[in-house]
Amino acid sequence: MIRVLVVDDEALVRAGLRMILEPADDIEVVAEASDGSDAVTAVARHRPDVVLMDVRMPGMDGLTALKELRRASSPPRVIMLTTFDLDDYVHTALRSGAAGFLLKDTSPRDLAAAVRTVAEGSAMLTPRITKRLIDTFAGLESADVALARERLAVLTDREDDVVRAVARGLSNAEIGRELAMSEGTVKAHVSRALAKLGLSNRVQVALLVRDAGLT
């Protein structure tokens, strides 16, 4: 069962998200919070696997709360939700460790699928945001590319193969089939790569690989 915390300052939105998710046999909404501060408290109390959190809220906003949650020893996976797909929000959220970024007009089926995807350790972005990110990184300056490649140089050849596959959006099982290794071995390579690169999740790995112009 995937334990989910829903965070939004509007009670109607929280109720709507709960109604979408609760019919799923494998998802349980364990709590709700109305702002970032309440979210941090609720995570400590309920230990959710996934947090669905609005970006813009009074008091502590979602991006600030995300940074607070990422400092925990075993942080939940966080999907940021917003009505506004502004680049500043997207970049800040992903650099801060968000596992996903979705618009509030995401379909119920896709929302539930996103929760499952990030709970498994992968990332989920609204398609049009993904396209804009790719377009952005396609225009990087050569100095930025060189810096990203220098960071990736600490990886072994096998770790490099794995992170490039991660950047293509492949799951651990898909990477294992492509590179002829077990899913457990893939997970170990991903964990070691994250530690060497000083990153916290697969989204950040994918961004770094794209920074380096390797996708």
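Predicted model: local features only at pLDDT ≥ 70, side-chain atom pairs only at ≥ 80, totals over all residues.
**Exercise 1: R202**

Find out where R202 sits and what its side chain reaches.

*Solution.* Start with the secondary structure: R202 belongs to helix α11, which covers residues 202-211. Next, look for a charge partner. R202 is buried but makes no salt bridge, and the nearest side chain of opposite charge, E174, is 7.4 Å off. A salt bridge would need a nitrogen-to-oxygen distance within 4 Å. Now try the backbone: the R202 side chain gets to the backbone oxygen of L170 at 3.0 Å. L170 also turns up among the residues R202 touches beyond four places in sequence, a list including G121, S122, N172 and V190.

**Exercise 2: D54**

Is D54 buried or exposed, and which residues is D54 in contact with?

*Solution.* Then take its relative accessibility, 4%. The cut-off for buried is under 20%, so D54 counts as buried at 4%. For contacts, skip neighbours within four places in sequence; what's left is V7, D8, D9, G62, M80, L81, T82 and K104. Finally, check the record: an unreviewed UniProt entry puts "modified residue: 4-aspartylphosphate" at D54.

**Exercise 3: T83**

Work out whether T83 is buried or exposed, and how many residues separate T83 from R56 in sequence.

*Solution.* T83 lies in the loop between β4 (77-82) and α4 (87-95). Exposed means over 50%, so T83, at 55% relative accessibility, counts as exposed. As for R56, T83 is 27 residues away in sequence, with the two C-alpha atoms 9.1 Å apart.

Conventions
Residues numbered from 1 in each chain as written. Heavy atoms only, no water. Helix = DSSP H or I, 4+ residues; strand = E, 2+ residues; numbered from the N terminus. Buried < 20%, exposed > 50% of the residue type's maximum accessible area, 1.4 Å probe, protein only. Lys, Arg positive; Asp, Glu negative; His and termini not counted. Polar contact = N/O pair within 3.5 Å; in protein donor to acceptor, adjacent residues only side chain to side chain. Contact = heavy atoms within 4.5 Å. UniProt positions renumbered as here; feature names shortened; annotations may be inferred.
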